[in-house]
Amino acid sequence: MCSIDGFTRGAPFSLRDYAALNAERGPDGTTYFEDEHIHMAHSLLSISPNESQKTQPLISGSKVFSYVGEIYGLEEGVWDTGWLFELILSGRVSDLTRKTSGMWAWTLYDAEEQTLTLCRDHFGVKGLYYMELDGVFYWSSTMKPLIATLNTLGYGLDLKKREKDRFLQMESYYRFTNVPYVHIHSLPPGQLRKIDLKTFQVVSQHSMFEGWDISDNYFYDDDEYKEIASECLIEAMTAPKVPKALGLSGGLDSTLLASLARKDDSLMACTISYEDVDLMLQSTVQRQFNEAGLAEYSADYLGIPCHTHEYLKERDPNWCSTVHRAMGATSFDIGRLGPRYANIKQAHEQGAKIFFGGDCADELLTGYTGDQQLYLDRHITYADVPPMGARHQAQHIGKMINVDNFTFSSDAKTNYMFRRLIWASEGFSTVADFIAGSFGMESRMPFLHQRYVQYVARIPMAYRLKSPIELRGKDNPMLGCHKRLIRDVFHEEIPPYVRQRQNKCGFSIPWDSRNKKKNDAMQEEELKNSLDILNYRIGE
């Protein structure tokens, strides 16, 4: 997974002790750069080709560069770290924002200017967190070293009121741009921000979304889409000879990824089964949870090894603590985090170094059962909805998108879909990144490939929401989630029993899933317990 960590002069502990909090993310070793002003560490997970065996941070003149992630589509043998550093040194920011596809977080220290530039990919697939405390500026790929710093220096983990209220309301995965802890901040996805290290003030800021265009592409056709989708998704899953695992369910998204990557001898599938679920019941929501059977059948159909983990109804008493420690942050909804943790842990035990998820295809391609309203246009009034949405949405999205240089669609439905993607992508990505990183693995979200997103976001909603005429009825749950850009366009790649499936639920536990009802006292206790678990300290 790799990790970048550091702080400015004045911290009361060593860089090695600070970076050790993320050592599991870099099982191939940690290297350091220090001068009289700054301390930088890079913990390495070796995946990309690197014939010259260079290490980070990279140095060129007064500039020191440290990076995590992957750049997609480079020629074989090209070291993406060196390629990206040269791109940044050349000043070709427009190439980074408009033409570069991948996932990244990086810092660039300029010893001559005494500035630190931080950057994060468009959708937050990789994390970057920071805080200023007692005249020291700290940063890290996760919140663990920052939490440990607060604990070590006696500040503790005080929560912001709004985020605490959201926890008590059980709002599922929170958006990590809104970090719940006092002092700790997340660099918003899609931002390049330069900090003056003498004052800790922002001296310049640039949006990765500059020049993006989601206006309707009326020349769209299925053949072009299929070609671009295949190229992009395969690029995001490419890592020659590296053992990799796909979280495979019985749904369209992960099955498409499995089908496209099935010729990769290094690929395996991992899935989840559930204890004591009567899958023959036709009239209950539990019927939707037959993920493992379909995943195993699909893996065999595609010729991919498959491993199944049975998720037990009664976990051991330390289960919640284990999951939260892997996350390294307070999180919501153990009913969704638990299976994701078990799936990634299983992939690690089978030797995988990369974990793929099918997350965010729903948000991009319109795949929720409630979205028939988008097609029927009966429950949403679009005419008065601005491109960035209502006030709370606009505030969130405005942190990432430079409106002056972003071309929205003339169709409010298209803008709604893009807002939903931006709203959800960081939360899903961060969960996978934190948990996979705790096992020394890299996580990737192929459906967040920037070229793919830019192309799909311009497909008119009439094509994205199109469904067979026999399904068109206001009470038909398939109307909104037909997801024709997978189901129909890739009909040759998707097995018929998956294409024809209607009821579907992701990796959530069936006994006590998304609408768990708790009283306030129980919620408060769960929150307190999760905070007590995060007792990291520097040097321990």
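This is a predicted model: local features need pLDDT of at least 70, side-chain atom pairs count only at pLDDT 80 or more; totals for chains, interfaces and linings use all residues.

Colleague: Why are helix 6 and helix 7 called roughly perpendicular?

Modeller: Helix 6 (residues 222-236) and helix 7 (residues 252-260) pack at an angle of about 80°. Angles of 65 to 115 degrees count as roughly perpendicular, so that is the term for helix 6 and helix 7. Their axes are 10 Å apart.

Colleague: Which residues meet there, and how do they divide by class?

Modeller: From helix 6 come Ser 230, Leu 233 and Ile 234, and they meet Leu 256, Leu 257 and Leu 260 of helix 7. By class, this contact has five nonpolar residues, one polar and no charged ones.

Colleague: What makes you say that helix 7 is largely enclosed?

Modeller: A residue is buried when its relative accessible area is under 20%. Nine of the nine residues of helix 7 are buried, so the rest of the structure largely encloses this helix. Among them are Asp 253, Ser 254 and Thr 255. The partners of these buried residues include helix 6, strand 13 (244-247) and helix 8 (291-302).

Colleague: And why is Glu 113 called partly exposed?

Modeller: Glu 113 has 40% relative accessibility. Buried needs under 20% and exposed needs over 50%, so Glu 113 counts as partly exposed. You will find Glu 113 in the loop between strand 6 (102-110) and strand 7 (115-120). Leaving aside neighbours within four places in sequence, Glu 113 is in contact with Lys 194 and Lys 198.

Colleague: How many residues does the largest nonpolar core have, and which have the most contacts inside it?

Modeller: That core has 138 residues, and Tyr 138, Tyr 181, Tyr 225 and Phe 418 have the most contacts inside it. Helix 14 (residues 412-438) gives the most to this core, with 10 residues. There is also a second, separate core of 16 residues, which includes Trp 79, Leu 108, Cys 119 and Leu 192.

Colleague: What does Tyr 181 touch beyond its neighbours within four places in sequence?

Modeller: Its contacts include Met 143, Ile 147, Leu 157, Ala 329 and Leu 531.

Conventions: Residues are numbered from 1 along each chain as its sequence is written. Side-chain values use heavy atoms; hydrogens and water are left out. A nonpolar core is a set of buried Ala, Val, Leu, Ile, Met, Phe, Trp, Tyr and Cys residues joined through side-chain atoms within 4.5 Å. Buried means under 20% relative accessible area, exposed over 50%, partly exposed in between (1.4 Å probe, protein chains only). Helices (H or I, at least four residues) and strands (E, at least two) are DSSP runs, numbered from the N terminus. Contact means heavy atoms within 4.5 Å. Axes are lines fitted to C-alpha atoms, for helices over the stretch in contact, and angles run from 0 to 180 degrees between N-to-C directions. Angles under 35 degrees count as roughly parallel, over 145 as roughly antiparallel, 65 to 115 as roughly perpendicular and the rest as oblique. Ala, Val, Leu, Ile, Met, Phe, Trp, Tyr, Cys and Pro count as nonpolar, Asp, Glu, Lys and Arg as charged, and the others, Gly among them, as polar.
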